[in-house]
Structure formats: structure tokens, C-alpha cells
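Dear colleague,

Please find the structure below, with its sequence. A short account of the findings follows it.

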Amino acid sequence: MIKKFLFTCFIFCLNIVHSQNLTDINDSIRYHLSYSPQKSLQFSFDAINNKAFNENSWESYDSNYLIGQSLFFNELYKESIEYFLKALNIYESLDDNERLNLKRSNPAWILNSIGAVYFQYNNLEKAKTYYLEAIENFELSKEIDIIEKSLGLIRVEANLALISIKLENYGEAFEFYNGILERIKTNEINDAYLIYYYNQFMTLNFQLNNNKEALKYLKQINQTFELESNKISNLKSSELYLYYIISIIDYSKYLISQNKFNEALIELLKIKKLSKPFLDQFASINILLSECYLATNQNSDAKLVLKENSELSDLSAEIKIKSFEGISNIYSQENDLKNLLSIKDSIIFNKNLLENSENDIKNIQTLLDLDDKKRELISNEKRLNSTVFSLTLALSLLIIILIIFRINFKLQSERSKRFKLEKSQIENELSLKQRELFSKSNFILQRNDYLKSILEEVNNNTNSQKAVDRIKKQVSGIINSESLHQEFDKKFVEVFPEFYKKLNSNYKLSKTDFRLIAYIKMNKSNNEIAQISGISIRTIQSQRYRLSKKLKLEKNQDLNSFIFKV
């Protein structure tokens, strides 16, 4: 089993130690991918054995991608998927600066490769999904330049065209190829790609029996090759030669299908020498040559070219089967039973290899489905983490707000208590001053009553007029003492601080008026006011009348009620 044998060799060679730099190894793998997949596989062994391979770095990412490509080209599809998926996981762990180092190993190329695996097993819908995702990644990528991005989009669009051809949607396929040719010309991409896609147009037109249009593209292939081939110094590394050889092989297949064997022989012999560096193409040419030789009764030449293939190593199972079947037909015609049985055994052996490889599809499908689930879980986990973070942030903000409200409530509560305490203290002080005021007014009233009683007693005693006059004068001075009244006024203002201000702002009043108003505010009767002031009730009545005029009261408006409302 060739593929299993290759993979066994692949694992076995992991034990070989190489000191080569991982970046250099990657370059070697990349160099041999198109021309000698087996050789690229040998360098893949070196990469896995390198110390830097297991690190989460862009070099390790590049290695996993290239090893996956090498395994894919060697038809080890199941094994290739494992490395593609590992490369994607490493990519997720890289920071933005490390991702800038990615060029041909951008994740879009990996998505395209995974799509190619699905295409190999005819799962076109899944392949298209990966191709479209690859296009999206190429268009959004900031790590690769315009030319590299165009090459990537060309490759993916070509794969989508192949899906369209397989679905017989030829109009869509032509649209893809026309867009590809325009992109190649616009971005001045290597003419080798121009030959490759001219070939796509040619084979598609042959398939649709548009022979005239197909031959036009064949002419363009030959002209482009003639113009550019002289510029190539290293034939083995030339994509131009590779794609030209593939184009002539495809044209020869068309000629054989039309039974134009001699024309096919001319084309194949023209490129056989050019194809020697490219083993698979060289072997394919020999198989086609054998068909032409057999069809033109040149059996010895057919056997010769097929034996050339049997002497080649590192060929795919499909090519080996075709070579063995060709030799088998020749031996059958020659009745060479001994060699025929040997060849039949080789055919059976290689067919078993193919059948075993086809059984791997379920394993590959499982791996890919598991990866899809894993990526979906990662996406859901990110969304969940984002939601949890948002909820945690919202809850934290809510807690902070509640704490702020609680602190503010406590501050307001303490402030309210403090205000109540201050208010209580002010009310107590005001009550005390009111008591002092009333005490003072009562004291004045009682003192005046006492002095009046003395004065009456003196009036009744007329023994010494001179002494009596002196006592009267002293008593009257005490009764009318301004300092006592001033002290009363001061206390009244302390108790009613805004009362005088309101009256002063609206009316022109005298000190006597204010004093009368103060006594009325304290709910003193005319008789009590007369006793406190030391004047007659009539005088008080006269003062009340004048005060009503100054306050501009109506005739039916009560002075006391007005003053109480101020």
C-alpha cells in the first residue's frame, strides 16, 4: 500500500535529527511541492523533528500548513487534514505582529486546501463553503500584499469554476475564468498562470465541442510559452514549463479521444523531453504515448515507454495502475502469461491501495466535522464570554450605583438628622429668647405697675412737696427709661428677625410705630401697652389710628390681624 507505506516512512523519519533552521526547511518544502511531492515529504520529516516545530510561532504555523500540502499532494488526505487543522489552531494563538509574517501560509490558503479535500471526495457543497470562506479571508487579510492576495483569489475562483463544471454550469465556469484572466492581466502576475488558465478555457471548450474556440486558446498557450520560455534559466523550478506541459497533455488527450493518434504522438513527443524534471507529467505522457502506439500497432514502442514508468519511483497509485494495465494489454496480446500474472498482481495491489484510501473519507469527514464543531464551540464560547463579561460589567455598575445610592442615602440621612438637631437647637434658642422677651416685657410691666403704685402712694402723701416731686421725677424717669425699651427692641428683633425688614421695605414707620407693632405682635392689649409704655390708653388709641393710616388699612380691616399675618 503505497500511501500507507509513504506515511509509515514519514513517521519513521521523524527520528532523524536535523539541525537545519525551521524557516529554511519550510522553504525547501515549498520549493519541492509542485515538482517532487515525495521530496517535499522528506523535508517535512526534518520540520517535525525540529525543536521549533512545537512552538506557537509563525514558523511552526508555516510548517504545519506546508506539511499538510505535502501530504495532500501525496494523496494522504486524512493525514493532511490533521496538519491543516493544527495550523489553524496555531494561527488563533498568534498575536497581530506575528501574523504579519504570514505570506503563502495565510489561513485563507488552508481553507482553500480543506475545500480541495472535500472536492476530491465529491462533497461539492462543503467544498464551496470552504472556498467562499477562503475568499472572504483573502479579501479581509492585512498580512499579504496585493499580488499574493490576487494569486490566492485566482486559485480559489479556479476551484469554484471546477465545481461549476462538475455541476455542468458552464456559463458560471466561463465567468470565473474570464474574471481570473482579467485579474492576471491587471495585476501583472506571472505568465505561467496565464498559460494555466488558457488551458482551462481550452479544455472546457473542447468539452463543449467548441473546437474552434478551444484551438484559439491553444494558439495563445503556444505563443505565450515561446515568448517567455527563453527567459527561464532553471527549467526544474519553472511553473511556466510545468503548466505548458500540462496544457499539451490535455490537448493530446482530446486528440486521442478523437482518434487522432498520429497528431497526439507529435504533440506528446514534442514535450516528453521537457517533462523529465516533472515525474508525474513524464509518466502521464508515457501512458498517453503507449495508447497512441498501441492504436497504431507499434506495440514494442508502447511496451518500451510503459517500462520506463515501471522503473520510476515516487509515482501515484493511479499512474502506476494505468501503466501496469497498458503493459498487461501488451502481454495479453503477446500471450506472455508469466509476465501477465505478475503484472496482474501489481494491478491488484495498487487498486487495493486506492480502495483503502477511499475508505479514509469517513475519517476525514469526521475530522472536518469535528473541526467545524470545535470552531463553532470556540465561537459560541467567545460569544458566551462576551455576554458574561457584559453582564458582569452591568452587575458591577449596578452594585456600584447601589453603593453610591446607599452612601448618599446615609449622608442625606445624617445631614437630615443634623439639620433636625440644628433646627431643634434653633427652636430651643428661639423659644428661650421668646421667653426672655416675654419675661422682659412682663418685667417692664410689673416694674411699671410697682412704680405706679409707689407714685400713687406718694401722690397721696403731701407732707413734703419737694420730696414728692423728686420721687415723682425719679419714678417717671425709670418708667420712661429708653435703655429698657431699647433692650426690649433688641430682643424682639432676635425673635422675629424678618418682621421689621418686611415692614421697612413697604412702609415708612417711626420707632414709636415699630414699638407699638411689637407689642401688638406679642398679643398685648391696649391697657397692657399703655402700662408698659407709661402712657395713657387714649394715647395708645391715637397711635393705633395713625399706624393704621401709615399701613394703608381699610376702615373695616383690623390692625391686629394685619400685624399677625406679617
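**Aromatic pairs and a helix contact**

Across the whole structure, a search finds 18 aromatic pairs (rings of Phe, Tyr and Trp, the last by its six-membered ring, with centres within 6.5 Å). The model is predicted: local features need pLDDT of at least 70 and side-chain atom pairs pLDDT 80 or more, while totals for chains, interfaces and linings use all residues. Residues are numbered from 1 along each chain as its sequence is written, and side-chain values use heavy atoms, with hydrogens and water left out.

The ring centres of F206 and Y254 are 3.6 Å apart and their planes lie at 15°, so this pair is stacked (planes under 30 degrees apart; over 60 is edge-to-face and the rest tilted). F206 belongs to helix 11 (residues 191–207) and Y254 to helix 13 (residues 239–257), so the pair links distant parts of the chain, 48 residues apart. Helices are DSSP runs of H or I with at least four residues, numbered from the N terminus. F206, at 7% relative accessibility, counts as buried, as does Y254 at 13% (under 20% relative accessible area, 1.4 Å probe, protein chains only).

One aromatic cluster is formed by F174, Y177, Y193, Y196, Y197, Y198, F201, Y217 and Y243.

The axes of helix 7 (residues 107–120) and helix 8 (residues 124–140) come within 8 Å and cross at roughly 170° (lines fitted to C-alpha atoms over the stretch in contact, with angles from 0 to 180 degrees between N-to-C directions). The two helices are therefore roughly antiparallel (angles over 145 degrees).

Yours sincerely

Methods:
Parallel < 35°, antiparallel > 145°, perpendicular 65-115°, else oblique. Buried < 20%, exposed > 50% of the residue type's maximum accessible area, 1.4 Å probe, protein only.
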